[in-house]
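Me: Please take a close look at one part of this model and describe what surrounds it. After that, connect it to the rest of the chain.

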Amino acid sequence: MNIVFNHATVRERADMLTFLRLCSERGLHTVSIWGDEIAKVGEKDALSVLQDSGMTVSGYNRVGPLNACSYDSVEAELERAARFEADHVFLFTGGLRDNEKNLGSARRRIEDTIGKVLDSARKIGVKLAIEPLHPMVTGDRSVISTLSHANSICEALGPGIGVVVDVYHCWWDERLQAEIARAGDAGRLFGFHVNDWLIPTRHVLTDRGMMGDGIIDLRGIHSMMRRAGYDGAVEVEIFSTDWWARDPAEVMDIAIDRCVDLFSVD
Ligand code: ZN
């Protein structure tokens with residue numbers, strides 16, 4: 001099945017080992033995982049359950065925040081992602097530093113840092129993914145807010161780095177189609193995250209919707225991805241206190257039904 005679950009979707013009631021079992025029971029081939037969730041269950045057990053399941057890792061979350069963490073911790077995460085044979089590792093830039101007001105210089109600093117992280121990632125043998133986050137969280141979570149900016153960074157840096165398109169973060173962008181095509185032309189589309197934007201949204205981090213419950217043109221954006229040459233998985237990533245409170249198996253089954261209906265994936 002060409003659907004991937006990001007563990008964050010069910011993390012409140014399913015630890016990583018439970019999550020892997022739930023994915024395997026549903027015939028899924030790939031998963032997206034988190035370093036902090038690996039640490040909770042122990043890397044040895046996480047790796048052996050993963051290997052026994054025959055599933056592979058799509059996205060590994062994450063390195064960063066790049067504006068605050070030590071370089072040793074960045075390399076440690078990259079090495080752990082390599083041990084899990086992740087397809088790509090997310091870069092979490094973080095927002096502005098304390099009392100920082102110059103967004104331009106913060107962005108230049110992060111661009112330089114990403115260049116250094118890429119040097120390490122190439123040596124370790126993992127690919128990096130930039131996932132632009134919604135402009136509402138520029139101040140505290142990501143100074144990279146648009147696919148346009150992410151594409152430009154990738155172009156400047158060369159191979160080994162690409163972009164992930166998350167509908168929640170990008171749906172509003174009038175350049176969305178053009179920037180997806182630009183990334184596709186460069187062979188740089190590493191992933192496609194789905195969820196939905198609810199009206200009203202009560203909390204920008206923890207009130208994402210299930211696909212189909214909000215206002216995003218999910219079929220339209222999926223078509224843009226396909227037209228740009230993306231033939232990878234649809235990744236379900238829902239950060240939501242409502243869905244976290246529900247039975248993880250039920251949440252996953254609902255999400256799979258929605259994906260089959262919206263994206264004709266099987
Ligand atoms: Zn995402």
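Reply: The buried residues of helix 6 are covered by several elements, including helix 5 (103-124), strand 5 (127-130), strand 6 (161-166), helix 7 (167-170) and helix 8 (176-185). The model is a predicted one. Helix 6 itself spans residues 147-157, and its buried residues are Leu 147, His 149, Ala 150, Asn 151, Ile 153 and Cys 154. Just after helix 6 comes Gly 158, with a positive phi of about 90 degrees.

Now the core. The largest nonpolar core has 79 residues, and the members that touch the most others are Phe 5, Ile 180, Phe 192 and Met 211. Helix 11 (residues 248-263) contributes the most to this core, giving eight residues. In soluble globular proteins, nonpolar side chains tend to be buried together.

Phe 192 shows what such a member touches. Setting aside neighbours within four places in sequence, its contacts include Val 164, Val 165, Val 167, Ile 221, Met 225, Tyr 230 and Phe 263. His 222 and Glu 235 are also among the contacts of Phe 192.

Ile 238 counts as buried because its relative accessible area is 0%, and the cut-off for buried is under 20%. Beyond its neighbours within four places in sequence, Ile 238 is in contact with residues including Ala 8, Thr 9, Val 194, Asn 195, Met 211, Trp 243 and Trp 244. From Ile 238 to Lys 101 the C-alpha to C-alpha distance is 31 Å, and the two are 137 residues apart in sequence.

Methods:
Residues are numbered from 1 along each chain as its sequence is written. This is a predicted model: local features need pLDDT of at least 70, side-chain atom pairs count only at pLDDT 80 or more; totals for chains, interfaces and linings use all residues. Side-chain values use heavy atoms; hydrogens and water are left out. A nonpolar core is a set of buried Ala, Val, Leu, Ile, Met, Phe, Trp, Tyr and Cys residues joined through side-chain atoms within 4.5 Å. Buried means under 20% relative accessible area, exposed over 50%, partly exposed in between (1.4 Å probe, protein chains only). Helices (H or I, at least four residues) and strands (E, at least two) are DSSP runs, numbered from the N terminus. Contact means heavy atoms within 4.5 Å.
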